[in-house]
Amino acid sequence: MEELIKQYEQMGISRMVYALGEKTLASLADRFAEIDKIAEYNQAKVLSAMQKNRVSAACFAATTGYGYDDMGRDNLEKVYADVFHTEAALVRPQITCGTHALAIALSANLLPGDELLSPVGKPYDTLEEVIGIRPSPCSLAEYGVTYRQVDLIDGSFDWEGIRCAINEKTKLITIQRSKGYATRPTFSVSQIGELIAFCKAIKPDVIVMVDNCYGEFVETIEPSDVGADMVVGSLIKNPGGGLAPIGGYIAGTKACVDRCAYRLSAPGLGQEVGANLGLMPSLYQGFFLSP
């Protein structure tokens, strides 16, 4: 220990500062232990999915061109579906970022005349142009999708406002888990589950999408465990584990994910095409590390 303290002193860190750091770490021991338990649980969940789907070196092979019969790509999507407890998943390097993944999920499952509802106030800035809150070419508004939002009340859901906002045109409800640039609290999975149950009690056939960016693996359950039809995120963030250089995912019901795949590639092609371009090791290893 004395040698370590001397090493820090050579780096300009005094014994007093070192002692203060150690005292602070000791005071946080219980919190760190709680985080470690969550990480271990989620690590086991990922490992179990990889075992179930027999991830092997063959899954790391690179493909180019159309990417037909890409075993590694298809198997990775099965791993994601099992981890998120969903019927299907779309995990592709062709999804460039979280905003792109969200835009795919929204545009694939909303048609002209449908209405999108955000019961958690204004969404993340980059979605404003996707939705058409700020006019933009190819926005949902340009294609005849209307938008409605219910603002939070002191960081909490406006239950009566949400009840009044859901109507016969409401096709999809989007819930942003992270606070993003807003000052509101980030929502827990249990809070999201309560909101989903409330909305589906009013309109059982409504599709609920959760923007899961920054939220993966910070709890032992995900929004897909509490009723979300789609959870959407970026591999540049949590599930990429710091190794994935690009990519995004959409996990959810088969009906929703199928439509997302057709929107990403082309009608009639869906998940059959999309070469992995040699990125499979990074995507698998990143997902392994991400918890």
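Predicted model: local features only at pLDDT ≥ 70, side-chain atom pairs only at ≥ 80, totals over all residues.
Reader: How many helices and strands does the protein have?
Author: There are ten helices and seven strands, taken as DSSP runs (H or I, at least four residues, for helices; E, at least two, for strands) and numbered from the N terminus.

Reader: What share of the residues is buried?
Author: Of the 291 residues, 44% count as buried. Buried means under 20% relative accessible area, exposed over 50%, and partly exposed in between, with a 1.4 Å probe and protein chains only.

Reader: Turning to the rings, how many aromatic pairs are there?
Author: The count is 13 aromatic pairs. Rings of Phe, Tyr and Trp (its six-membered ring) pair if their centres lie within 6.5 Å; planes under 30 degrees apart are stacked, over 60 edge-to-face, and the rest tilted.

Reader: Why is the pair of Tyr8 and Tyr18 called tilted?
Author: The pair is tilted because its planes are at 40 degrees, with the ring centres 5.6 Å apart. Tyr8 lies in helix H1 (residues 2–10) and Tyr18 in helix H2 (residues 15–27).

Reader: Is Tyr18 buried or exposed?
Author: Tyr18 counts as buried, at 13% relative accessibility, whereas Tyr8 is partly exposed at 28%.

Reader: Which residues form a cluster through ring pairs?
Author: Ring pairs link Tyr80, Phe84, Phe217, Tyr249 and Phe287 into a cluster.

Technical notes
Residues numbered from 1 in each chain as written. Heavy atoms only, no water.
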